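Please find below a short note on the structure under review.

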Amino acid sequence: MGTIKTLNKWANAHTYLPLDLLRIALGVFLFIKGINFMSDYTILMTLFKPLESLAGGMLVIHYVAPAHFIGGILIAFGLLTRWAIIAQIPILIGAIVINFAGEMIVNNLILAIITLLVAIFFVFYGSGKHSADYYLKMQQ
């Protein structure tokens, strides 16, 4: 618990608007990906083609779209940011692994790696001063 408080104090003292804009962009990107997966599930089915023989494949497909949709909203507003990103990390790791298990699509691989790195950064950095978390914390 002390480590999280230390990280929050550091993040609040060293907050910058561009980092908050990057967090918002990450949330909007994940939200849009969630909408794309919900509106056209065939895209998601073709991405998961290499893993269709594994048990729980349909469970994973039904987890990805809502997790991106809801997690993107939470990340964009800065509400429960760390928890929302922690829910995204297995999906992003899976997006990287799928590129090696199936057909290699370099653009998707680069996009997944960049998104994963930004997400890992925000797990440690937190939501910043321009977020709902900070606003709610200051109300107490």
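1. Basis and overall fold. The coordinates are those of a predicted model. The chain contains 7 helices and 0 strands, and its order along the sequence reads α-α-α-α-α-α-α. Of its 140 residues, 34% are classed as buried.

2. Helix α6. This helix covers residues 106-125, 20 residues in number. From first C-alpha to last, α6 reaches 28 Å, close to the 28 Å expected at 1.5 Å a residue. Its buried residues are Leu109, Ala112, Thr115, Leu116, Val118, Ala119, Phe122, Val123 and Tyr125. An α-helix has 3.6 residues a turn, so residues three or four places apart point the same way. Steps of this kind can be followed in the buried set, including Leu109, Ala112, Thr115 and Ala119.

3. Glycine 126. Just after α6, glycine 126 adopts a positive phi of about 90°. The residue belongs to the loop between α6 and α7. Is glycine 126 buried or exposed? Its relative accessibility is 1%, and because the cut-off for burial is under 20%, glycine 126 counts as buried.

4. The loop between α4 and α5. Leucine 79 and leucine 80 are both placed in this loop. Leucine 79, at 32% relative accessibility, counts as partly exposed. Leucine 80 is likewise partly exposed, with a relative accessible area of 47%.

5. Nonpolar surface patch. Leu79 and Leu80 are also members of a nonpolar patch on the surface, together with Ile73, Phe77, Trp83, Ile86, Tyr135 and Leu136. The accessible area of these residues together is about 860 Å². Which helices each supply at least two residues of the patch? They are α4 (57-77), α5 (81-101) and α7 (132-139). Leucine 79 can belong to the patch because membership requires over 30% relative accessible area, and its own value is 32%.

6. Isoleucine 98. This residue is situated in helix α5. With a relative accessible area of 11%, isoleucine 98 is buried. Its C-alpha is 9.0 Å from that of lysine 49, and the pair is separated by 49 residues in sequence.

7. The second largest pocket. The volume of this pocket is about 520 Å³. Its lining comprises 21 residues, and those nearest its centre are Ile4, Asn8, Arg82, Ser127 and Asp133. At least two lining residues come from each of α1 (2-13), α5, α6 and α7. Which helix gives the most to the lining? That helix is α1, with 5 residues.

8. Links between the points. Helices α5 and α7 each provide at least two residues to the nonpolar patch, and each also provides at least two to the lining of the second largest pocket. Helix α6, whose buried residues are listed in point 2, contributes at least two residues to that lining as well.

Key:
Residues numbered from 1 in each chain as written. Predicted model: local features only at pLDDT ≥ 70, side-chain atom pairs only at ≥ 80, totals over all residues. Heavy atoms only, no water. Patch = residues over 30% accessible without salt bridge, like charges linked within 9 Å, V, L, I, M, F, W, Y side chains within 5 Å. Areas by Shrake-Rupley, 256 points an atom, 1.4 Å probe, with all protein chains shown as cover. Salt bridge = Lys/Arg side-chain N within 4 Å of Asp/Glu carboxyl O. Helix = DSSP H or I, 4+ residues; strand = E, 2+ residues; numbered from the N terminus. Buried < 20%, exposed > 50% of the residue type's maximum accessible area, 1.4 Å probe, protein only. Expected span 1.5 Å × (residues − 1). 1 Å grid on protein atoms, 1.4 Å probe; cavity = no way out; pocket = protein on both sides within 12 Å on 5 of 7 lines; lining within 4 Å. Points joined across faces, edges and corners; volume = space filled by probe spheres on them.
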